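Q: Can you walk me through this model? I'd like to start with the aromatics.

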Amino acid sequence: MGTAFAVVLVFVGCCSNVVSLELLVREFPGCGNIVTFAQFVFIALEGFIFETKFGRKKPAIPVSNYVIMVTMFFTVSVINNYALNFNIAMPLHMIFRSGSLIANMILGIIILKKRYSASKYLSIVLVSTGIFICTIMSAKQVHDVSSDGSKEQGLYAFMYWLIGIAMLTFALLMSARMGIFQETLYQQYGKHSKEALFYNHCLPLPGFLLLATNIYNHCILFNESTPVLVPVVGLTMPTMWLYLLINVVTQYVCIRGVFILTTECPSLTVTLVVTLRKFVSLIFSILYFQNPFTAWHWVGTAVVFIGTLLYTEVWSSMQAALRGAGVKEKKAE
């Protein structure tokens, strides 16, 4: 029951989050900072009340370690959202972030000197190839759109897009490095995911002072958006603030769903559910918002997800489960 409920939370929460984020970005492409800030405040406030008991509960992991993790987490969150300012389409954004498993594996080989099976190395090739295909086709679309203007404008738009790709690449590698650091902390102090969730969102809050001007400007823009009547509550509020509220709440629902899954299921199941969620979100984004997506994009997406499933050894696990079920049936006979 708990597992099924968690899966529903992940799919409903995360897919709704993608929709609300796309609605925000389409209206104001540079609103990534205010979205990140709102998410951090909401999760930090919830953690302060329910996890730390209003600051009375001491952390199991030293705060000095959290400071290092938080620096990486804050950087990744801000850069991922800020990359949307640089002509990065939402589908490409989601596909790029699907390479997190592989980035983690590559850094694991370099930093932790880990060794993997041949299927894992094949998955690296597949995911890298899929992301490369989607990136190249998106680059072609940027070039085709920008070619309608002058040559200088076209070159500027393309270079702008390349900056966005560089930002996504950096965030992907930084996120993988953070994962490795988190893994070593959990090995030393034990797993404290709810505590880590709170400190990862609370400690970076002063860092948003650096982005205060941008956040304030978007607050003004949000206030000027078209008012809409909120059903059930019966209150009228600007549309963009409603979208932001939905985004923050659904982000929390998604994170809570993943947390429940990690306590109820093995890591393989969690990875599979999150991967399928990304695929469903991608399809929904393409169909509902009619984002440009060519046949080559579909090929690249398929290769990315096949590589991800190969990495998680879903096929071999399913075969083992089926063989186990067959053996049980024979014994019953």
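Q: Phe-208 first: buried or exposed?
A: Phe-208 is buried, at 3% relative accessible area. Buried means under 20%, exposed over 50%, and partly exposed in between, with a 1.4 Å probe and protein chains only. This is a predicted model: local features need pLDDT of at least 70, side-chain atom pairs count only at pLDDT 80 or more, and totals for chains, interfaces and linings use all residues. Residues are numbered from 1 along each chain as its sequence is written, and side-chain values use heavy atoms, with hydrogens and water left out.

Q: And Phe-74? Buried or exposed?
A: Phe-74 counts as buried, because its relative accessibility is 17%.

Q: How do the rings of Phe-74 and Phe-208 sit?
A: Their centres are 5.0 Å apart and their planes are at 90°, so the pair is edge-to-face. Rings of Phe, Tyr and Trp (its six-membered ring) pair if their centres lie within 6.5 Å; planes under 30 degrees apart count as stacked, over 60 as edge-to-face, the rest as tilted.

Q: Where in the chain are those two, Phe-74 and Phe-208?
A: Phe-74 is in helix H3, and Phe-208 is in the loop between H8 and helix H9 (212–223). The pair links distant parts of the chain, 134 residues apart. Helices (H or I, at least four residues) and strands (E, at least two) are DSSP runs, numbered from the N terminus.

Q: How many aromatic pairs does the count come to?
A: The count is 13 aromatic pairs. Tyr-66 and Tyr-199 make a stacked one, because their ring centres are 4.8 Å apart and their planes are at 15°. Tyr-66 lies in helix H3 (residues 63–82) and Tyr-199 in helix H8 (residues 193–202), so this pair ties together parts that are 133 residues apart in sequence. Tyr-66 is buried at 0% relative accessibility, and Tyr-199 is buried at 11%.

Q: Switching to the core. Which residues touch the most other members of the largest one?
A: Cys-31, Phe-222 and Leu-244, in a nonpolar core of 59 residues. Helix H7 (residues 151–189) gives the largest share, nine residues. Such a core is a set of buried Ala, Val, Leu, Ile, Met, Phe, Trp, Tyr and Cys residues joined through side-chain atoms within 4.5 Å.

Q: What does Cys-31 touch?
A: Leaving out residues up to four places away in sequence, Cys-31 touches Leu-24, Val-25, His-218 and Phe-222. Contact means heavy atoms within 4.5 Å.

Q: Back to H7. What does Met-174 touch?
A: Met-174 lies in helix H7. Not counting residues up to four places away, Met-174 touches Met-72 and Val-76. Met-174 and Met-72 are 102 residues apart in sequence and 6.6 Å apart in space, C-alpha to C-alpha.

Q: Now Asn-247. Buried or exposed?
A: Asn-247 is buried, with a relative accessible area of 0%. Asn-247 is in helix H10 (residues 239–264).

Q: What about the whole chain? How many helices and strands?
A: The protein chain has 13 helices and two strands. Of its 333 residues, 45% are buried. Residues 24 or more positions apart account for 80% of the contacts with a separation of 6 or more.
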